[in-house]
Amino acid sequence: MQFHHHGYVSGDPRVQPAAGVGLNRPEELPDEVDVLIVGTGPAGMLAAAQLSMFPSVTTRIIERRPGRLAIGQADGIQARSVETFQAFGFAERIIAEAYRITEMAFWKPDPANHANIIRTARAVDDEMGISEFPHLIVNQARVLDYFAEYMANAPTRMKPDYGYDFQGLTVTGEGNYPVTVTLRHTSGPDEGHDRVVRAKYVVGADGARSKVRQAIGCTLAGDQANHAWGVMDVLAVTDFPDIRTKCAIQGAEGSILLIPREGGHLFRMYVDLGEVDPASQHSVRETTIEQIIAKANAILHPYTLDVRNVAWHSVYEVGHRLTDRFDDVLPAERGTRTPRVFITGDACHTHSAKAGQGMNVSMQDGFNIAWKLGHVLEGRSPESLLTTYSEERQVVAKNLIDFDKEWSTMMAKKPEEFEHPSDLEDFYVQTAEFPAGFMTQYTPSLIVGTPDHQDLATGFPVGKRFKSAPVVRVGDTNPLHLGHHATADGRWRIYVFADPALPSTSSATDRLADWFAKSPESPLAATPAGADPDAWFDLKVIYQQPHTAVDINAVPAVFKPLVGPFKLTDYEKVYATDPKADIFDLRGVDRSGAVVVVRPDQYVANVLPLTATTELGAFFAPVLKAAPAAPRQAVSAAAR
């Protein structure tokens with residue numbers, strides 16, 4: 001975390017100086033906004049948190065409830081999400097309070113007595129080292145609290161506007177605010193009354209029954225599995241030995257997915273209620289909590305479950321549905337206009353909860369669209385950038401539904417229906433990368449290059465998330481993870497992995513640095529006049545030598561930008577290899593050097609040689625507009 005570059009800060013450095021629209025933010029929802037986000041679920045709150053870092057963009061997020069969510073339905077946090085939390089500054093705190101999954105136990109009927117269950121296998125949660133971050137379990141409400149805190153401390157001083165229910169919208173296409181939105185007060189003195197807000201863009205994050213989705217003519221299409229599950233968060237006394245371990249339990253009477261919860265006592269059970277008659281008109285949803293508990297006890301035999309308190313429970317039927325588009329542009333309109341309304345999360349994809357993916361994939365939806373809206377509204381990028389949202393995220397949602405269908409079908413099987421006794425645990429281990437959140441790979445587009453030079457950095461696949469690795473910061477000799485220094489500030493990251501030479505005018509790295517600093521084709525040339533040199537692009541260099549061999553004074557100036565009103569040198573962009581874990585070896589970076597370009601949402605956009613300045617300039621050219629006037633405050637001035 002960097003601060004003091006605007007002067008001495010005596011308070012909490014996480015509270016950034018108010019800037020732009022945050023200087024005089026009105027308490028009441030204004031009549032005109034740049035972005036209106038509907039719904040304070042995970043997708044909406046992450047999108048709002050990201051947009052809170054764009055001081056010139058007026059963003060408001062509304063919620064029909066009168067206040068914060070007290071208890072959420074989602075609880076699984078994949079490692080990819082924890083990576084994202086790191087960028088928003090609260091990974092360490094949420095890890096400390098969450099339940100951490102390290103193993104999963106598998107229970108099946110005892111061959112000697114089919115009515116009883118026995119433990120048959122254990123699986124390490126991440127034996128392949130997919131991420132340095134853990135797999136967590138924590139209530140969705142706490143995740144939303146952390147994003148709310150981040151928003152409140154951001155330059156825009158954003159906070160949710162509670163007590164507004166979305167009623168409908170019209171895309172007029174006219175004026176500066178071409179989307180007219182009708183809202184209804186759900187609490188307070190104006191309860192029941194409607195009001196109109198005009199917006200440049202609307203993001204629907206309002207769940208599976210999304211009114212925003214309906215307003216743009218999208219429908220969820222898919223199928224029902226005709227299988228029901230009861231889910232309960234409970235405090236109980238039991239002699240089941242793995243009650244504090246994630247378990248897949250397949251008994252003679254059905255299946256249970258057991259998820260221990262944060263706090264050391266609470267746990268969640270997904271209890272198999274069996275096949276559902278399609279003609280029953282969803283009568284299974286009337287199953288009582290007492291019936292769910294009784295079924296759980298039958299499955300757990302010979303162990304018993306004495307439930308003392310029920311925090312929450314529900315009954316659901318497995319369904320998998322997906323919309324044909326994630327924005328308001330009809331297929332016939334593609335290429336004729338850019339979208340104005342977007343849907344995220346459960347509004348555009350629904351599935352079972354047992355794979356623990358809903359909240360996680362929804363948050364990545366929010367991350368994807370938010371930085372793009374920020375760049376367009378701040379004048380960094382053309383509106384065509386917004387067309388990539390639906391193109392990218394719809395594929396991800398389809399892959400999620402395909403995975404969840406397979407996993408939920410396997411969880412519903414009876415043990416004797418498997419071809420091999422270990423099929424369930426084998427599937428869990430072999431597909432670990434998907435539920436961890438790391439299978440997403442965006443295809444070439446406006447913001448993803450072709451993998452022509454992938455051999456220069458095989459550990460940073462183009463289109464996949466940037467997988468961090470240890471380095472040593474030269475200026476203060478601190479060992480750290482390179483990716484952990486990338487905050488959710490809306491900037492592109494450009495990592496220059498140096499050639500074997502130390503800083504010198506004859507090295508390929510120094511010649512590239514000179515191009516970055518002086519060429520009109522350099523992406524840095526688009527940075528607004530008067531803004532910090534790294535306001536839009538965070539340019540870092542990683543040398544192959546240990547930090548003791550790198551002379552910080554010899555490093556090109558472009559890697560040591562002068563920032564803030566006092567033009568102080570930023571020493572946190574120059575790195576060396578960690579002798580215990582060389583990043584060049586760990587990530588397959590060629591010793592001739594490479595440039596790795598990373599998007600604001602942490603996905604690798606391109607890998608190029610140090611000499612490929614023409615290609616690098618050409619990649620960024622369509623993503624950037626001509627350098628505009630300086631915004632009221634550059635994002636990085638408050639973000640670092």
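Basis. I worked from a predicted model, where local features need pLDDT of at least 70 and side-chain atom pairs count only at pLDDT 80 or more, while totals for chains, interfaces and linings use all residues. Residues are numbered from 1 along each chain as its sequence is written, and side-chain values use heavy atoms, with hydrogens and water left out.

Cavity. I searched the whole structure and found one cavity of 30 Å³ or more (a set of points on a 1 Å grid over the protein atoms alone where a 1.4 Å probe fits but cannot get out; lining residues have an atom within 4 Å of a point). Of the 22 lining residues, F466, G483, H484, A486 and Q602 are the closest to the centre. I noted that α2 gives the largest share of the lining, four residues.

Salt bridges. I counted 46 of them in the structure (a side-chain nitrogen of Lys or Arg within 4 Å of a carboxyl oxygen of Asp or Glu). I looked up D534 and R491, which pair at 3.3 Å, N to O. This pair ties together parts that are 43 residues apart in sequence, because D534 and R491 lie in separate loops.

Burial. D534 is buried at 3% relative accessibility (buried is under 20% relative accessible area, exposed over 50%, partly exposed in between, with a 1.4 Å probe and protein chains only). R491 is buried too, at 2%. For the pair R591 and D585, at 2.9 Å, I found R591 partly exposed at 31% and D585 exposed at 56%.

Terms used
On a 1 Å grid over the protein atoms alone, a cavity is a set of points where a 1.4 Å probe fits but cannot get out, and a pocket is an open set with protein on both sides within 12 Å along at least five of seven lines; lining residues have an atom within 4 Å of a point. Grid points are joined across faces, edges and corners, and a volume is the space filled by probe spheres set on the points. Helices (H or I, at least four residues) and strands (E, at least two) are DSSP runs, numbered from the N terminus.
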